[in-house]
Amino acid sequence: MDLKVPEQERHFREEVRAFLDESLTAEILEAGRKTTSVFAPVKEVMAWQRLLHKKGWVAPHWPKEYGGTGWSVGQRAVFAEELVRAEAPPLIPMGLQMCGPCLIGFGTEEQKAHYLPRILSGEDIWCQGYSEPGAGSDLASLKTFAESDGDDYVINGTKIWTTYAHHANRMFLLVRTRRDGKPQAGITFLLLDMNTPGITVEPIVGLDEVPEQCQVFFDNVRVPKRNRVGEENDGWTVAKYLLTFERGGQDYAPALGVQLQRLKQIAARQTTASGGSLRDDPVWAHKVAACESEVLALSFTEKRIKSALSAGKDPGALSSMTKILGTELQQRVTELGIETLGSQALVWQPQALVPGGDDEPLGPEYALTGMAAYLNARACSIYGGSNEVQRGIIAKAVLGL
Amino acid sequence: MNFSLSDEQQMLADSARRFVQGGYQPETLWHQFAELGWLALPFDEDDGGLGAGLVETMVLLEELGRGGVITPYLATVVLGGGILRRADAGWRARYVPDLVAGDLQLALAVDEQERVFAPENTALEAREEGGGFVLSGRKTVVLNGDQADRILVLARTSGEPGDQQGLSLFLLDPTSEGVTLTPHRLVDGHRAARLQLDAVRLSADTLIFPKDTAFEPVRQVLDEAILALGAEAVGALTVLLDDTVEYSKTRKQFGVPIGSFQVLQHRMADMFMALEQTRSLLLAATLKTLEGHDDARQAVHALKARIGGAGRHIAQEAVQLHGGMGMTDELAVGHYFKRITAMDGLFGGADQHLAAFAAG
């Protein structure tokens, strides 16, 4: 048992830092600073993806033969930490984190050859068609139907909470192909082109007034059967694989640590009535310390997962924990953010959050993102399998209840 | 970075678990510990020890915590032994062999009544007189104080309570004139004593470290005690969770096991996460201390705060989910509840350590 960092990883960190220093443009960094969600501003983040792609570092977690980097688990963690530290905007996950791994696991050679390079380069932007108005936590009850018609499926129905559907040119989705039997056994995984006739995308404006989510309607939309991933009626297998990836593949602690440090810097600039700074106020400090010690624990939980992965072991239940802990800490940190900013947090200037916009912040720049981040973060315990669903998974899979 | 146990460490864990499950005799426990080599673990091989480190202590204490074993290990080996390991060769040669053989029990007296726990908060006075020292004052909650052959007493030789300077540590023979020991139990079944000193005369050679310099070694030893307590807590909390889950699968109400109720499932999932986060902090604090990281003490504070917070959460939920049975002295859950409660009260509570973490 030890915390030793291999020599090779220390050099690697320097190499990553040097690359980030020279590659991150002012525009990309501004977008990073103004990202108040999992999803960064599209134009800038896609520019950043192209730079990473050119370097060959766009999908470190993919197998090398498909365009991955071949890095160790430790190197991947170093890379992720440095991205957070540099305030680079996070890459849009639907293609790189979700669809790509599914295709690698279940796609045909033809599908892999066609789609994977376009995911890496950013030529395709993907969205995820899972939830429906009547199928959220009970995803398997989804009703969007794909009727078999010769070499095609004809799709009718609707998907909701489809992030960035209005920016995407591709969608991977779950459809029903059989109505009888167990709900899970009649689901098929498809890929489609968003320009196919019969698709309507309606953005949904969120609490933060940003149209990040969409509802998508399908009216006799034809999808060739060669766009099916896995077998007909076996899409649930593919979907489950993807959900595991979505839940276990992410470290929350590095970003939370950076956010808490930033919060302390902001608190240090707020003068209290007693003449000291908010940073030294015992009540404030106690709350932040409680959060920080929890983040320290989470960082070691995440290290334990990586250590298990490196040793070829299945971290099992630990990875289902990190989604709950990471998102709930995210919510606490954004709460502390608006508490720290006080009335400044209420100043509502969504236009000033648009990178490259003309709107000047009325208050300090650091105050711009606090409220939007707080509002947006309410979603993180809902998406990706709500935290109630996750607790159910722990109860069932770990505790055997 | 690696969180796997070595083969030797795994063997230690296995043998400790077998011992705990095997129905030991409390009367001969201490000499069995000696025979198993557990009393020798942290001491240098040159001093007659096994030269093991904090990870081995963690492994052993987690198993003892899991077994709910009541022992003077913390007082004698971790606290007393921790002081001896930092003392010069003469002290080690004189006391380590007896300790390792199970023939010497120790106690460390720091805590004082109406003074929030902190070594620098020591007021008990040791006045220099005639080439020796005269000690007067009272120490409370001296763990193992009633059974210890020698008590290490932290006293003030200069300065004021609150000063890190001016603290000295004395080796006290509890049969000395002017010593009054009042033995008592702690809520969790451990033994302790109140120590009253009335003009107790000690010669200069009872001073373990140079006069006025005991703060730093005592603080280091208290950090190690918190790590040991953390390991014991993780063992005890594992049992509290496992017993609760098991009970919820067998206890039926409304015709079904109560563990089938979602409201209880989610609470047990939260207990599980609280336990794993405690284990993560135990690993963070232990390995950072072992490797001498700059932020090691921060991690120790975070761990102690968590033993209090998460410990209370898990233990209280365990009692609640056991219903009326959780309130009885019959089930193990009640005993572990009391042990966890006691842990928060030792060496400074959760709020105190969180405040120290915030200031760090």
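Author: One aromatic cluster is formed by Phe12(A), Phe19(A), Trp48(A), Trp57(A), Trp71(A) and Phe79(A). Rings of Phe, Tyr and Trp (its six-membered ring) pair if their centres lie within 6.5 Å; planes under 30 degrees apart are stacked, over 60 edge-to-face, and the rest tilted. This is a predicted model, where local features need pLDDT of at least 70 and side-chain atom pairs count only at pLDDT 80 or more, while totals for chains, interfaces and linings use all residues. Residues are numbered from 1 along each chain as its sequence is written, chains are lettered from A in the order in which they are written, and side-chain values use heavy atoms, without hydrogens and water.

Reader: How many aromatic pairs are there over all chains?

Author: The count comes to 25.

Reader: Why is the pair of Phe133(B) and Phe170(B) edge-to-face?

Author: Because their planes stand at 65°, with the ring centres 5.0 Å apart. Phe133(B) has a relative accessible area of 4%, and Phe170(B) one of 0%.

Reader: New topic: which charged end sits over the ring of Phe145(A)?

Author: That of Arg179(A), 3.7 Å from the ring centre. The rule asks for NZ of Lys or CZ of Arg within 6 Å of the ring centre and within 35 degrees of the ring normal.

Methods:
Buried < 20%, exposed > 50% of the residue type's maximum accessible area, 1.4 Å probe, protein only.
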